[in-house]
Amino acid sequence: AAAIGGNCCLIEIGCGSSAKSRLLLEALRPPEFVAVDIAAEQLQTSCAALGRDFPQMKTVALRADFEQAIAIPAAAALQAPRRALYFPGSTIGNFTPADAQKFLARWAPLLGKGGCALIGVDLKKDAARLHDAYNDAQGITAEFNLNLLTRFNRELGADFDRAAFAHRAFYDAIAGRIEMHLESLRAQSVSIGDRKFAFAAGETMRTEISCKYSVEEFRQLGRAAGFVPQQCWADPGNLFAVHFFALPA
């Protein structure tokens with residue numbers, strides 16, 4: 001909050017339930033807050049609660065896919081002299097490094113001169129620890145991954161048999177990323193709408209990547225996107241980092 005400065009418009013990407021937003025808003029108390037999310041119902045619920053709890057702050061709900069270029073509507077009538085991007089968690093790791101650089105570069109014009117960004121990044125760590133995290137004994141990550149098939153069936157009219165697929169996750173040390181896959185346990189054919197897809201036994205679908213960075217690697221990525229690294233905070237175990245970047249004034 002001290003690095004960003006209070007008299008700003010805070011723009012959070014993927015605000016979700018706004019639990020992380022509140023941590024920063026309590027300390028920052030900005031005059032304006034723009035919440036960006038693709039889930040309309042949750043976005044409206046979160047922004048309504050923030051409006052009640054921060055009555056002096058102008059709250060704008062912007063339903064959008066943050067992977068695409070975003071424009072803040074003129075009707076929002078934002079007035080704060082500085083814009084700050086807030087991207088907590090480690091969602092930026094779901095982009096390849098090249099796409100993450102393009103993603104940040106797209107935001108630079110919207111933030112404008114003197115703008116800044118506060119971004120959460122998962123740090124590189126012991127491969128065995130990463131393996132255990134993405135193949136947890138409770139099966140939480142596996143359920144998260146397999147839920148994609150439930151969604152396909154419910155929303156796209158597919159006929160996936162969840163029992164015929166298994167969760168697989170591994171760390172690619174060369175690429176510096178976790179890959180999550182769903183493996184077909186037998187030869188099978190699946191329909192999605194009027195299309196059919198054949199799977200061989202052992203064939204996989206890659207469902208997610210989660211890139212891990214060293215502090216310097218992510219600083220270099222920010223520089224390539226036009227930002228200037230300012231500060232970085234990490235936990236005592238160097239497992240996670242929060243980077244603060246600025247744009248030239």
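Okay, let's start with aspartate 122: its relative accessibility is 14%, so this residue counts as buried (buried is under 20% relative accessible area, exposed is over 50%, partly exposed is in between, with a 1.4 Å probe and protein chains only). Before I go on, this is a predicted model, where local features need pLDDT of at least 70, side-chain atom pairs count only at pLDDT 80 or more, and totals for chains, interfaces and linings use all residues. Residues are numbered from 1 along each chain as its sequence is written, and side-chain values use heavy atoms, leaving out hydrogens and water.

So what does aspartate 122 meet in a salt bridge? One partner is lysine 212, at 2.7 Å from N to O; a salt bridge here is a side-chain nitrogen of Lys or Arg within 4 Å of a carboxyl oxygen of Asp or Glu. Lysine 212 sits in the loop between β10 and α6 (215–224), while aspartate 122 belongs to strand β5 (residues 116–122), so this pair ties together parts 90 residues apart in sequence. Helices (H or I, at least four residues) and strands (E, at least two) are DSSP runs, by the way, numbered from the N terminus. Lysine 125 also meets aspartate 122, at 2.8 Å from N to O, and that links Asp122, Lys125 and Lys212 in a network. Both lysines count as buried, with lysine 125 at 18% relative accessibility and lysine 212 at 2%.

Over the whole structure, the search finds twelve salt bridges. Another one joins aspartate 161 and arginine 186, with the closest N and O atoms 3.3 Å apart. Aspartate 161 is in the loop between α5 and β6, and arginine 186 in the loop between β7 and β8 (188–192), so they tie together parts 25 residues apart in sequence. These two are partly exposed, aspartate 161 at 35% and arginine 186 at 39%.

Now the sheet. Three strands make an open sheet in the order β6-β7-β10, with antiparallel pairing; strands pair if DSSP finds at least two bridges between them. Which strands stand at the edges? That's β6 (165–172) and β10 (204–211), each with a single partner strand, so one side of each has no neighbour in the sheet. Eight bridges join β6 to β7 (residues 177–184), and alanine 169 has methionine 180 in β7 as its bridge partner.

Last stop, the hairpin: β11 and β12 form it with five residues between them, and in the turn asparagine 238 has a positive phi of about 55 degrees. The two strands pair in the antiparallel sense over six bridges, with tryptophan 233 opposite valine 242 in β12.
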